Amino acid sequence: MGLAGLARLHGLFAAYKPPGLKWKHLRDTVELQLLKVRGPAFTSLKIGMGHRLDAQSSGVLVLGVGRGRRLLTDMYNAHLTKDYTVHGLLGKATDDFCEDGRLVEKTTYDHVTREKLERILALIQGSHQKALVMYSNVDLQTQEAYDMAVSGVIRPMNKSPMLITGIRCLQFAPPEFLLEVQCMHETQKQLRRLVHEIGLELKSTAVCTQVRRTRDGFFTLDDALLRTQWDLPSIQDAIQSAAPRVAAELEKNLRPGLGTQQPSSAGWPWDSEGPSSALGLESHAGR
């Protein structure tokens, strides 16, 4: 491959991580595909990993190739939201909030209705919206803050606990339910714990059966390369296709005054352990 071909490999692209596959294995597989490229310029071409997904989770995983690794830090400092679909199962609790964890308790769930679930979700969203404003360090009395709130661009200035910017019930068929969660600074374990705590708020129990990331910032499922597409031509095409959007979105989201900051440390962790409660609210049981 010539220098022109190598130039087309610098940038960001998204892959789809299946459940049960570790992110390191995905990255190593991509690296092996790119190692087929020969030439002295290739020795400096490294693969970086964006916001990680744990082994049980699936969905959109963003990778940076070569100079694209620096764009991962820009994505991180833009504090962009991510979307997940989270599957829950009422009636039992486990030690790790997963369906196949060690059983801790079994409960009834006949009293749980969609209306009760949606009431809890509204409380969660309201509580997290207040936290979002607090961590964003904006004065709500100013016109700037009002404009930011209307535009949906209020974001934390720095690292924060998990913040949920949107949550709703997509399906409710007891004992199963499906949530759509829009959030930032989360880990997948925190999302599983969220399902557990929702179960407790409903005076029942619940475990998480699946966590799937459907969007990471400006990359969606439509952008994510399937395992059969983790090859050099597909990766090149994906990087080139995404490049204009990546540049435009990062320029827009890293502008001063949007509750973000320019990179100050490339060594920040991609995942954080959040607050003791994934709900971010006091118990509303009995209200």
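**Entry 1**

I started with Arg 114 and found it partly exposed, at a relative accessible area of 32%. I am working from a predicted model, and I keep that in mind throughout. The side chain of Arg 114 meets that of Glu 118 in a salt bridge, 3.0 Å from N to O. I noted that Glu 118 is partly exposed as well, with a relative accessible area of 37%. Both residues belong to helix H4, which runs over residues 114-136. They sit four residues apart there, about one turn of the helix.

I then looked up a second pair in H4. Glu 115 and Arg 119 join their side chains in a salt bridge of 3.7 Å, N to O. These two are also separated by about one helical turn, because they are four residues apart in H4. Glu 115 counts as exposed at 56% relative accessibility, while Arg 119 is partly exposed at 44%.

**Entry 1: a buried pair**

How many salt bridges does the structure hold? I read off 12. Are Asp 83 and Arg 215 buried or exposed? I found both of them buried.

**Entry 2: helix H7**

Next I followed H7, which covers residues 232-253 and has 22 residues. From its first C-alpha to its last I get 30 Å, close to the 32 Å expected at 1.5 Å a residue. Where does H7 bend? I located a bend of about 40° at Ala 243, with a proline, Pro 244, following within four residues.

Most residues other than glycine have a negative phi, and most peptide bonds are trans. With that in mind, I looked for exceptions.

- The peptide bond from Pro 174 to Pro 175 is cis, with omega near 10°. Pro 175 lies in the loop between strand E7 (163-173) and strand E8 (176-184).
- Phe 97 has a positive phi, near 70°. I found Phe 97 in the loop between strand E5 (92-94) and strand E6 (103-106), and Phe 97 is buried at 13% relative accessible area.
- Lys 203 has a positive phi too, near 60°. Its loop connects helix H6 (188-201) and E9, and Lys 203 is exposed at 53% relative accessible area.

I closed with the confidence values. The protein averages a pLDDT of 85, and 80% of the residues score at least 70. Which residues stay under 50? One such stretch is residues 258-276, for which the model has 58 contacts beyond four places in sequence. The pLDDT is also below 50 over residues 281-287, a stretch with nine contacts beyond near neighbours in sequence. Where pLDDT is low, the predicted coordinates should not be read in detail.

Technical notes:
Residues are numbered from 1 along each chain as its sequence is written. Side-chain values use heavy atoms; hydrogens and water are left out. pLDDT is the predictor's confidence in each residue, from 0 to 100. Contact means heavy atoms within 4.5 Å. A salt bridge is a side-chain nitrogen of Lys or Arg within 4 Å of a carboxyl oxygen of Asp or Glu. Buried means under 20% relative accessible area, exposed over 50%, partly exposed in between (1.4 Å probe, protein chains only). The expected span of a helix is 1.5 Å times one less than its number of residues. The bend at a residue is the angle between axes fitted to the seven residues ending there and the seven starting there.
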